[in-house]
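Here are a few friendly notes to read with the model open beside you. Take the points in order and look up each residue as you go.

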Amino acid sequence: MRSVFALWIGQPVILQVAADNLRVPLRGMIVGESDSSVAFRIHDGPEEIDIHKVMVLAIEEDHSVSVLVN
């Protein structure tokens, strides 16, 4: 069975991430995943960051990004 994160790979998203008492929205794209974390690229940044899956509170589509398809 595919994970919920796999459904969002390659799409512009907003991750709601919790760290201690902070809740932060991150705009970008999920580019991969492992058993315990997701690889995330913030906007068009050159590098990926790993975010522990237990820190992700929600995933939603980022409607502010336009995607052009030919």
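1. Is Asp 20 buried or exposed? Asp 20 is exposed, because its relative accessible area is 82%. Here buried means under 20% relative accessible area, exposed means over 50%, and partly exposed lies in between, using a 1.4 Å probe and protein chains only.

2. Before going further, please keep in mind that this is a predicted model, in which local features need pLDDT of at least 70 and side-chain atom pairs count only at pLDDT 80 or more, while totals for chains, interfaces and linings use all residues. Residues are numbered from 1 along each chain as its sequence is written, and side-chain values use heavy atoms, with hydrogens and water left out.

3. Back to Asp 20, which sits in the loop between β1 and β2. Strands are DSSP runs of E with at least two residues, numbered from the N terminus. Asp 20 has a positive phi of about 55° although it is not a glycine. Most residues other than glycine have a negative phi.

4. Now look at the sheet. It is open, has 5 strands in the order β4-β3-β2-β1-β5, and its pairing is antiparallel. The edges are β4 (49-52) and β5 (56-61); each has a single partner strand, so one side of each is left without a neighbour in the sheet. On average, neighbouring strands of this sheet are turned by 50° against each other, direction ignored; axes are lines fitted to C-alpha atoms.

5. Strand β1 (residues 12-19) pairs with β2 in the antiparallel sense over 8 bridges. Two strands count as paired if DSSP finds at least two bridges between them. In this pairing, Ala 18 stands opposite Arg 23 in β2.

6. Arg 23 belongs to strand β2 (residues 22-33) and is exposed, with a relative accessible area of 68%. Leaving aside neighbours within four places in sequence, Arg 23 is in contact (heavy atoms within 4.5 Å) with Val 17, Ala 18 and Leu 57. Arg 23 and Leu 57 are 34 residues apart along the chain, and their C-alpha atoms are separated by 8.7 Å.

7. Finally, the largest nonpolar core has 10 residues in all, including Phe 5, Val 17, Ile 30 and Val 38. Such a core is a set of buried Ala, Val, Leu, Ile, Met, Phe, Trp, Tyr and Cys residues joined through side-chain atoms within 4.5 Å. Strands β1, β2 and β3 (37-42) each supply at least two residues of this core, and β1 gives the most, with 3 residues.

Notes. Helices (H or I, at least four residues) and strands (E, at least two) are DSSP runs, numbered from the N terminus. Axes are lines fitted to C-alpha atoms, for helices over the stretch in contact, and angles run from 0 to 180 degrees between N-to-C directions.
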